[in-house]
Amino acid sequence: MPKTNTQEVVSNFTTLRHSGRTPLLAEGSGEAFPVKIADEASFIIHASDPCAPFTTQLQEVISRYDEIKNRLMPDAEAVMKRYFLSDAANQEDEVYATDESDCALSVVQQPPLDGTKVALWVYLLSGIKRQNCTHGVYSVTRGAYEHLWYAGAVANSSSSEHQTTRILEDYVMRLIENECTLKDNCVRTWFFVNDIDNNYSGVVKARNEVFMTQGLTPETHYISSTGIGGRVADSKVFATMDAYAVKGLLPGQMTYLYALNHMNRTSEYGVSFERATQIDYGDRRHVFVSGTASIDNQGQVVWPRDIKHQVKRMWENVEALLKEAEMNFNDITFALVYLRDPSDYAVVSALFQKQFPNTPHLLLHAPVCRPGWLIEMECMAVKAIHNERFPEF
């Protein structure tokens, strides 16, 4: 396994992305990179040798994660991990057998577009007082809040619609067991849809119907989400879901962002998710931006068949959402970028390296829910604030 020294780990952004707001000087590099020793962070870790067998690449990713965590955030714990695989049918079992982490663990076939077989996104927190996993919900208590992560949810049924209905109904029950509701506590969901061009409509129908039963309507609010191409090893699974909820939020603490000059409400074209969710804590603001594409305020695809212009319009939309929260690109802690056509990787990678040279991001092969959208990105942003209305994070 190749050995990576401190300078390479911090400064080689094809190997590691580590989020943060306060720069730490990389040893001997002469440059400051956003790698802070903090109470929350995201790492994105790649394998280094695309020619190595999967087992070697997986072991390298896990070893690098352990090394980096122990050096930069030794007191933190992983609360959510997602592995991105090139071939889930032949790789998924090995991931679950190899990674014995006590955290929410998700595995999805969304091949990293740098040519490797596996990449890892992991979200860490320090100051955790209690950890618990009950019925698939991994919860951690920190201060006045309990953070609830739900990963890799699937259901046996005959269609994407029925599977999604069962997944969401089960999730509603899991939240109730934790004295939460979908409407008041769920912050974000991810739906990974096998053969999205044919199965996404079923996911949308099921989500609309379940949300209606839970009091989620265009007049109330929805939930930030990404619905994107992805699959697990079992080819009969048409939909998989990850989710994040927070217990202990006060009224008015979680709000929603729209950027209506740039995009329309999703309900106008029959879909039920919010463009972005904002949570204000006493000491910081979190913003979760849903999967965002090159779309206008009429719900139409902008710049069809033009990847460069779609990237730029997508960035404009994300920037508008962040601006509504008094934030900007510098506050992004990590981004996941989904491409329909792998041949666009070189162009998009160069654009992202120029626009976000120090921001953790990962480019994946995962078709977006409309064929005309060539690219989509999601992100999380964090900004320090002072708000006496709410307890600190």
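The questions and answers below concern a predicted model.

Visitor: Which domains does the assignment give for the chain, and what distance lies between their C-alpha centres?

Guide: The domain assignment places residues 36–127 in domain 1 and residues 131–249 in domain 2. The separation of their C-alpha centres is 22 Å.

Visitor: What area do domain 1 and domain 2 bury between them?

Guide: The size of an interface is often given as the accessible area lost when the parts come together. Contacts link 23 residues of domain 1 with 18 residues of domain 2. Carbon and sulfur atoms carry 59% of the buried area, and the total is about 1600 Å².

Visitor: Is Val 107 buried or exposed?

Guide: Val 107 belongs to strand 6, residues 104–109. Leaving aside residues up to four places away in sequence, Val 107 touches Tyr 83, Leu 85, Glu 92, Val 95, Tyr 96 and Val 232. Because its relative accessible area is 5% and the cut-off is under 20%, Val 107 is classed as buried.

Visitor: What distance does helix 6 reach from its first C-alpha to its last?

Guide: Helix 6 covers residues 196–213, a total of 18 residues. At 1.5 Å a residue the expected value is 26 Å, and the helix comes close to this with 25 Å.

Visitor: Against which elements do the buried residues of helix 6 pack?

Guide: The buried residues of helix 6 include Ile 196, Tyr 200, Val 203, Arg 207 and Phe 211. Beyond the helix comes Gly 215, with a positive phi near 80 degrees. The packing partners of the buried residues are helix 4, helix 5, strand 11, strand 12 and strand 13.

Visitor: Which residue in the turn between strand 8 and strand 9 has a positive phi?

Guide: Strand 8 (130–134) and strand 9 (137–142) run antiparallel and are joined by five bridges. Thr 134 has Val 137 as its bridge partner. Two residues lie between the strands of this hairpin, and the one with a positive phi, about 55 degrees, is His 135.

Definitions and conventions
Residues numbered from 1 in each chain as written. Predicted model: local features only at pLDDT ≥ 70, side-chain atom pairs only at ≥ 80, totals over all residues. Heavy atoms only, no water. Pairing = 2+ DSSP bridges. Helix = DSSP H or I, 4+ residues; strand = E, 2+ residues; numbered from the N terminus. Expected span 1.5 Å × (residues − 1). Buried < 20%, exposed > 50% of the residue type's maximum accessible area, 1.4 Å probe, protein only. Contact = heavy atoms within 4.5 Å. Domains from an automatic or database assignment. Buried area = accessible area lost by both parts, 1.4 Å probe.
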